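Here is a short briefing to read alongside the structure. Take a moment with the model, then follow the topics below.

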Amino acid sequence: MGPIDSLNHWLNFAAPAFAVAAMLPAFARWLVAPQAAVPAFGVQLAINFAAGLAVSLAGLWFWGQDGKMSTYALMLLVCASSQWLLQRGWKA
């Protein structure tokens with residue numbers, strides 16, 4: 001596999017984590033009442049992306065292949081939990 005193919009493979013591996021990480025803070029700004037101590041959009045995106053990518057890597061390690069629906073479900077659960085923590089959901 002050449003370097004361009006390898007880069008394409010890794011970008012496609014990270015794309016679902018990035019999509020979830022970008023949608024969560026965007027929809028949270030629209031659906032949740034604003035609070036004073038919520039981190040900036042970029043910080044929320046970075047934290048959610050790191051959490052989603054970690055779950056994707058763990059799913060790749062556990063299952064031996066990427067793209068399992070159970071990995072995607074767990075990624076959504078972990079990213080939603082981290083967004084809840086970032087939004088300080090326990091104070092609502």
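Predicted model: local features only at pLDDT ≥ 70, side-chain atom pairs only at ≥ 80, totals over all residues.

**The chain as a whole**
- The C-alpha atoms of the protein chain fill a box of roughly 50 × 25 × 15 Å along the principal axes.
- The protein chain has 92 residues, of which 24% count as buried.
- Looking at contacts between residues at least 6 apart in sequence, 67% join residues at least 24 apart.

**How α1 and α2 pack**
- Helix α1 covers residues 3-31 and helix α2 covers residues 41-63; they pack at an angle of about 140°, and their axes are 8 Å apart.
- The two helices α1 and α2 are therefore oblique to each other, and α1 passes α2 in a right-handed crossing.
- From α1, the residues in this contact are W10, F13, A14, A17, F18, A21, A22, L24, P25, A26 and R29.
- They meet F41, Q44, L45, N48, F49, G52, L53, S56, L57 and L60 in α2.
- Sorted by class, the contact of α1 with α2 has 16 nonpolar, 4 polar and 1 charged residues.

**A closer look at α2**
- Helix α2 has 23 residues and spans 32 Å from its first C-alpha to its last, close to the 33 Å expected at 1.5 Å a residue.
- Its buried residues are Q44, L45, N48, A51, G52, V55, S56 and G59.
- What covers these buried residues of α2 includes α1 and α3.

**T71 in α3**
- T71 lies in helix α3, and at 8% relative accessibility T71 counts as buried, because buried means under 20%.
- Leaving aside residues up to four places away in sequence, T71 touches V55, S56, G59 and W63.
- Among these partners of T71, V55, S56 and G59 are buried residues of α2.

**G64, just past α2**
- G64 sits in the loop between α2 and α3, the latter covering residues 69-86.
- Just after α2, G64 takes a positive phi of about 85°.
- Is G64 buried or exposed? At 59% relative accessibility, G64 counts as exposed, because the cut-off for exposed is over 50%.
- G64 and A40 are 24 residues apart in sequence, and their C-alpha atoms are 35 Å apart in space.

Note on methods. Residues numbered from 1 in each chain as written. Heavy atoms only, no water. Axes fitted to C-alpha atoms, helices over the stretch in contact; angles between N-to-C directions. Helix = DSSP H or I, 4+ residues; strand = E, 2+ residues; numbered from the N terminus. Parallel < 35°, antiparallel > 145°, perpendicular 65-115°, else oblique. Left-handed = near helix turned anticlockwise from the far one by under 90°. Contact = heavy atoms within 4.5 Å. Nonpolar A, V, L, I, M, F, W, Y, C, P; charged D, E, K, R; others polar. Buried < 20%, exposed > 50% of the residue type's maximum accessible area, 1.4 Å probe, protein only. Expected span 1.5 Å × (residues − 1).
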